[in-house]
Amino acid sequence: MMSEFEQYRPLLFSIAYRMLGSAMEAEDIVQEAYLRYQSAQDVQTPKAYLTTIVTRLCLNQLQSARVQREQYLGTWLPEPILTGDTVDASTPSARMDRQEAISMAFLVLLEALTPPERAVLLLHEVFDYSYHEIAAILEREEADCRQLYSRAKKHLADRRPRFPSSPEQHGKMLERFRHAIEEGTVEELTTMLAHDSVLWADGKGRIGANTRPIYGQTAIALFLHSSLRFLPPHASTQVEEVNGEPALIIRSAGEPFVVIFVEVTDGQIQAIRAIGNPDKLKHI
């Protein structure tokens, strides 16, 4: 039974992590699914059974998580995970789709959906479950699942950037951003930021004292420059693949101090998400 469960563990973790935006919570959900699988009798299709258990546990978790996140001090951002050595799909095109569906921007967009909308969207679009299978998992009618999917897709389409950058443009801009951070250059930071750019920081005291988003290139550049004083001595910067995309990781003595994601549109940085909450950096 253990070996059979291990066959599906990567899938179950992938579903739970995307549903919850937390690797720690996803691991707990997968472990709970294993305990229930151990005590189950006459499971005919382990994959369907385990997917159902994980999805329903995630839906329950999201109900309480919404209350916790409303009381969270400052901006809540998903927990980042290293993905450079992870092969999450069998073909390059499929892997690209999976990478986009694990990106920080995508996980943040999912927060705008209701838990059922999130479940249907992920199961159908990312994990290729049919509406018939999803209806059984959620104990809903197929027509209801189709409607949830349509509504979720519209929500995401309304919030996605219209002209996202290519991976090459994104990589070059991130390197420029890294250089500006290392040199502490306010002017260079300002020039690469869009006029209507926005920064979110989930810092738990590590990234300045902000608790709200910061808007505008000048305000963001000054905030980033002033935040450099919070960096530990001898901090180092590396660009690594996190959540399927290049991200800037600032480390101290080899330990992650902050992870920074940038969104690039029309050749400028449109959004920055910085995660310095130490509780969220355990998988970096």
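**Helix crossing and sheet order**

Reply: We may begin with two helices: α6 passes α7 in a right-handed crossing, where right-handed denotes the near helix turned clockwise from the far one by less than a right angle, and left-handed anticlockwise. The model is predicted, with local features needing pLDDT of at least 70 and side-chain atom pairs pLDDT 80 or more, while totals for chains, interfaces and linings use all residues. Residues are numbered from 1 along each chain as its sequence is written, and side-chain values use heavy atoms, without hydrogens or water.

Me: At what angle do the axes of α6 and α7 cross?

Reply: Two packed helices are described by the angle and the distance between their axes. Here the axes of α6 (residues 115–126) and α7 (residues 131–138) cross at roughly 145 degrees and come within 10 Å. Axes are lines fitted to C-alpha atoms, for helices over the stretch in contact, with angles from 0 to 180 degrees between N-to-C directions. Helices (H or I, at least four residues) and strands (E, at least two) are DSSP runs numbered from the N terminus.

Me: Which residues of α6 and α7 meet?

Reply: Contact means heavy atoms within 4.5 Å. Pro116, Ala119, Val120, Leu123 and His124 of α6 meet Tyr131, Ile134, Ile137 and Leu138 of α7. By class, this contact has 8 nonpolar, 1 polar and no charged residues; nonpolar covers Ala, Val, Leu, Ile, Met, Phe, Trp, Tyr, Cys and Pro, charged covers Asp, Glu, Lys and Arg, and polar the others, Gly among them.

Me: What is the strand order of the open sheet?

Reply: Strands pair if DSSP finds at least two bridges between them. The order of the 6 strands is β2-β1-β6-β5-β4-β3, with mixed pairing. The edge strands, β2 (214–215) and β3 (236–242), each pair on one side only.

Me: Why is β4 described as largely enclosed?

Reply: Buried means under 20% relative accessible area, exposed over 50%, and partly exposed in between (1.4 Å probe, protein chains only). Since 6 of the 8 residues of β4 are buried, β4 is largely enclosed by the rest of the structure.
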